[in-house]
Amino acid sequence: MKPIGLIIGETASLPKEIIKKFQMIFVPFATDWPEGKDLPGKDLFQKMREGAKKGIKNFPKTSQPSIGNYKEAFEKALSKFEKTILITVSSKLSGAYNTACFARRMLSQKMQERIEIIDSQTGSAGEGLLVFKTAQLIEKGKKGFNEIVLSIKQMIPEIHLFCMLEDPKWLEVGGRLSHPLAVLLRQMQKIGMRPLIGTKNGMIKPVSLKIKAKDVPTALFKELKNETRKKLESGKKIIVAISHADNLKGAKRLQKMIEKRLNNTKIAFLSLVDPVIGVHSGPGTLLCAWTEEDL
């Protein structure tokens, strides 16, 4: 039996190869969209684009894993590992953390003592980056369970996530943005002004307004360069995660700019964004998360 296992939710936006490599136990969220079942497309976001073309008004809804889902994941993990860590999406974005805590209380006292549940206070690529660095710590085998838990909690404030949307209409469709504001944002985008969306105190919200941002990959690269400048100038190394919602071309352009123009910076992964964030942000969304490599 291995010493430490890792449980993750679908919100972590990690590529399947990384999940498999580190033997993570994956807990999916439910996506309900009967109208999209027969639409063409390789992924949810391509189907959403097709649905919009066909005038479909009802779009996907997601729901967190059940208590039973988490209980099953804990039992599976503890059959393979001496102890396990579950990292969840921010508790201010989903009830997943609280549901997982309730599921743990359904287990025996001895099993509960072998489980740590951590609120990432972020989501999507940010959550995935935290999970990725945690998996590396576990793989190195130099720290014990309590040390790793402490390291994760110290990393959380140092995970930075920001993104830009292709079209605010998806927030409008989901009822998270009024029609007049959605119209205003579209008009602003035509002249190169876009809101930069990021995480603050566990919430995802607009953090600033960027000008000359018609080209999203370039705008995100400039933001990353600006945010990391002082750390890179002081000799720190940076690790970056990129996620996209059916915007692979833009994601690869952003990756190429980072690899060519930012020294001491490497890409942890490039992945499709999770449906929980993606159904609200909509197709075309591009996300970027970063932190110091050697925290």
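This is a predicted model: local features need pLDDT of at least 70, side-chain atom pairs count only at pLDDT 80 or more; totals for chains, interfaces and linings use all residues.

User: What do the side chains of Lys53 and Glu50 do?

Analyst: They meet in a salt bridge, 3.5 Å from N to O. Lys53 counts as exposed because its relative accessible area is 66%, while Glu50 is partly exposed at 23%.

User: OK, and which residue does Glu75 meet in a salt bridge?

Analyst: Lys71, with 2.8 Å from N to O. Both lie in helix 3, four residues apart, again about one turn of the helix. Glu75 is partly exposed at 35% relative accessible area, and Lys71 is partly exposed at 23%.

User: How many salt bridges does the structure hold?

Analyst: 11. One of them joins Glu166 to Arg49, where the closest N and O atoms are 2.8 Å apart. That pair links distant parts of the chain: Glu166 is in the loop between strand 7 (160-164) and helix 8 (169-173), Arg49 is in helix 2 (residues 44-53), and 117 residues separate them.

User: Which residues are linked with Arg49 in a network of salt bridges?

Analyst: Glu166 and Asp246. Asp246 also has a positive phi of about 55 degrees, although it isn't a glycine. You'll find Asp246 in the loop between strand 10 (238-244) and helix 11 (248-261).

User: Where does Asn201 lie, and what is its phi near?

Analyst: Asn201 has phi near 55 degrees, a positive value in a residue other than glycine. It's in the loop between strand 8 (194-200) and strand 9 (203-210). Asn201 counts as exposed because its relative accessibility is 60%.

User: Switching to the inside. Which residues touch the most other members of the largest nonpolar core?

Analyst: Leu14, Met24 and Ile85, in a core of 48 residues. Helix 6 (residues 124-140) gives the most to this core, with seven residues. There's also a second, separate core of 22 residues, with Ile238, Ile242, Met257 and Leu286 among them.

User: And what does Ile85 touch?

Analyst: Leaving out residues up to four places away in sequence, its contacts include Ile4, Leu6, Ile118, Phe145 and Ile152.

User: How many aromatic pairs are there?

Analyst: Three. Phe22 and Phe132 make an edge-to-face one, 6.2 Å centre to centre with 90 degrees between the planes. Phe22 is in the loop between helix 1 (16-21) and strand 2 (25-27) and Phe132 is in helix 6, so the pair ties together parts 110 residues apart in sequence.

User: Are those two buried or exposed?

Analyst: Phe22 and Phe132 are both buried. Ring pairs also link them with Phe269 into a cluster.

User: Last one: which residues form the nonpolar patch on the surface?

Analyst: Ile67, Phe102 and Met106, with about 260 Å² of accessible area together. Met106 is in the loop between helix 4 (96-105) and helix 5 (109-112), and counts as partly exposed because its relative accessibility is 45%. Helix 4 has a buried side as well: Ala96, Thr99, Ala100, Cys101 and Ala103 are buried. Their cover includes helix 3 (67-80), strand 5 (81-88) and strand 6 (115-119).

Conventions
Residues are numbered from 1 along each chain as its sequence is written. Side-chain values use heavy atoms; hydrogens and water are left out. A nonpolar core is a set of buried Ala, Val, Leu, Ile, Met, Phe, Trp, Tyr and Cys residues joined through side-chain atoms within 4.5 Å. Buried means under 20% relative accessible area, exposed over 50%, partly exposed in between (1.4 Å probe, protein chains only). Helices (H or I, at least four residues) and strands (E, at least two) are DSSP runs, numbered from the N terminus. Contact means heavy atoms within 4.5 Å. Patches are made of residues with over 30% relative accessible area and no salt bridge: like charges are joined within 9 Å, nonpolar side chains (Val, Leu, Ile, Met, Phe, Trp, Tyr) within 5 Å. Accessible areas come from the Shrake-Rupley method with a 1.4 Å probe; for residues, only the protein chains shown count as cover. A salt bridge is a side-chain nitrogen of Lys or Arg within 4 Å of a carboxyl oxygen of Asp or Glu. Rings of Phe, Tyr and Trp (its six-membered ring) pair if their centres lie within 6.5 Å; planes under 30 degrees apart count as stacked, over 60 as edge-to-face and the rest as tilted.
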